[in-house]
Amino acid sequence: MGINFKYVVMKKLVYFLALWTILLSGVSCDKDSDKDSAPVPLYVNTWAIEGIGGLGGADCCLYQFNADKTFNSGFVVNEEYLELLRGQFLPSSDNPETDGNSREVPEEVIEMINSIKVNDVVTILKGLYVEIPGKNNDVYLSIFSIRNIEGMEYPVPMENELHLTNISKESMVFGNESSGEKPFTVKSLSSSGITVGKTVDLTELLGMN
């Protein structure tokens, strides 16, 4: 019993040290940045990326960066994305043995999918971010997803680093330099005119964390 207890304590210690290192790295970068630069305003907001047609059937993606250095991302459900979810997780007949998808789907998953309606938001990714101010009121964000490994949560760095520029209360330019794509302007959810319903967390179901 003593060995198992020490093992659990050590795993928890490693986890919290990893998180603390991530947070400290953001603080140290703030101190090392150009002192003459004005503070970079990163608004705690929900940002809507529209026109992503073809990405899983959805046409709007949402990002939310929270004050506690966590973030989440997901899709606004439209008819096409809703049909995709139902086709993937719901049995198409009352007899699962004759269904094209013979895997067993837990009842709670069926209830969750059945509860989703058009304009609801499904969260597919959650994690942590480290904010690194640039020299022109821009911001670099290092993103870490959270993976559950043997019952413990670990931050895993994602390959892409986000570059946010021209940040204002209602819009900003969203860039991802490693992707090779051109930066584009995104609006805050409040100014986009998009109406959303409830939020459903599908991170575990879709395997993005």
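A residue is called buried when its relative accessible area is under 20%, exposed when that area is over 50%, and partly exposed in between, using a 1.4 Å probe and protein chains only. The structure discussed here is a predicted model, in which local features need pLDDT of at least 70 and side-chain atom pairs count only at pLDDT 80 or more, while totals for chains, interfaces and linings use all residues. Residues are numbered from 1 along each chain as its sequence is written, and side-chain values use heavy atoms, with hydrogens and water left out.

**Overall make-up**

- The protein has five helices and nine strands, where helices (H or I, at least four residues) and strands (E, at least two) are DSSP runs numbered from the N terminus.
- Read from the N terminus on, the elements follow the order α-β-β-β-α-α-β-β-β-β-β-α-β-α.
- Of the 209 residues in the protein, 37% are buried.
- The protein exposes about 12800 Å², of which carbon and sulfur atoms supply 55%; such accessible areas come from the Shrake-Rupley method with a 1.4 Å probe, and for residues only the protein chains shown count as cover.
- If one takes the contacts (heavy atoms within 4.5 Å) between residues at least 6 apart in sequence, 53% of them join residues at least 24 apart.

- In helix α2, which spans residues 79-89, the buried residues are Tyr-81, Leu-82, Leu-85 and Phe-89. They lie on the same side of α2, because they cover an arc of only 100° around the axis, the arc being that of the directions from the helix axis to the C-beta atoms.
- The face of α2 turned away from that buried side carries Glu-79, Glu-80 and Gly-87, which are exposed.
- The cover over the buried residues of α2 includes β2 (58-65), β3 (70-76), α3 (107-115), β4 (121-133) and α5 (203-206).
- In α3, Val-109, Ile-110 and Ile-113 are buried. Here too the residues cover an arc of only 100° around the axis, so they sit on the same side of α3.
- Glu-108 and Glu-111 are exposed on the other side of α3, whereas the buried residues of α3 pack against α2 and α5.
- As background to both helices, an α-helix has 3.6 residues a turn, so residues three or four places apart point the same way.

- Strand β5 (residues 139-149) pairs with strand β6 (residues 152-165) in the antiparallel sense over 10 bridges, and two strands are said to pair if DSSP finds at least two bridges between them.
- Within this pairing, Tyr-154 in β6 is the bridge partner of Arg-147.
- β5 and β6 form a hairpin with two residues between them, and Glu-150 in the turn has a positive phi of about 55°.
- β6 also pairs with strand β7 (residues 171-176) in the antiparallel sense, over four bridges, and Leu-164 stands opposite Phe-174 in β7.
- The hairpin of β6 and β7 has five residues between the strands, and Asn-166 in that hairpin takes a positive phi near 50°.

**Positive phi in two further loops**

- Most residues other than glycine have a negative phi, and most peptide bonds are trans.
- Lys-69, in the loop between β2 and β3, has a phi near 70°, which is positive although the residue is not glycine; Lys-69 counts as partly exposed, at 27% relative accessibility.
- Asn-119, in the loop between α3 and β4, has a positive phi near 80° and is likewise a residue other than glycine; Asn-119 counts as partly exposed, at 37% relative accessibility.

**A buried serine**

- Ser-188 is found in strand β8, residues 184-188, and is buried, with a relative accessible area of 0%.
- The side chain of Ser-188 makes a polar contact of 2.6 Å with the side chain of Glu-170, and another polar contact, of 3.1 Å, joins the side chains of Ser-188 and Ser-190.
- A polar contact is a pair of N or O atoms within 3.5 Å; within protein, one must be able to donate a hydrogen and the other to accept it, and residues adjacent in sequence count only if both atoms are side-chain atoms.
- Leaving aside neighbours within four places in sequence, Ser-188 is in contact with Asn-45, Thr-46, Trp-47, Lys-169 and Glu-170.

**Cysteines**

- The structure holds zero disulfides, a disulfide being a pair of cysteine sulfur atoms within 2.5 Å.
- The sulfur of Cys-60 has its closest cysteine sulfur in Cys-61, 7.2 Å away, which is too far for a bond.
- Cys-60 is buried, with a relative accessible area of 4%, and Cys-61 also counts as buried, at 10% relative accessibility.
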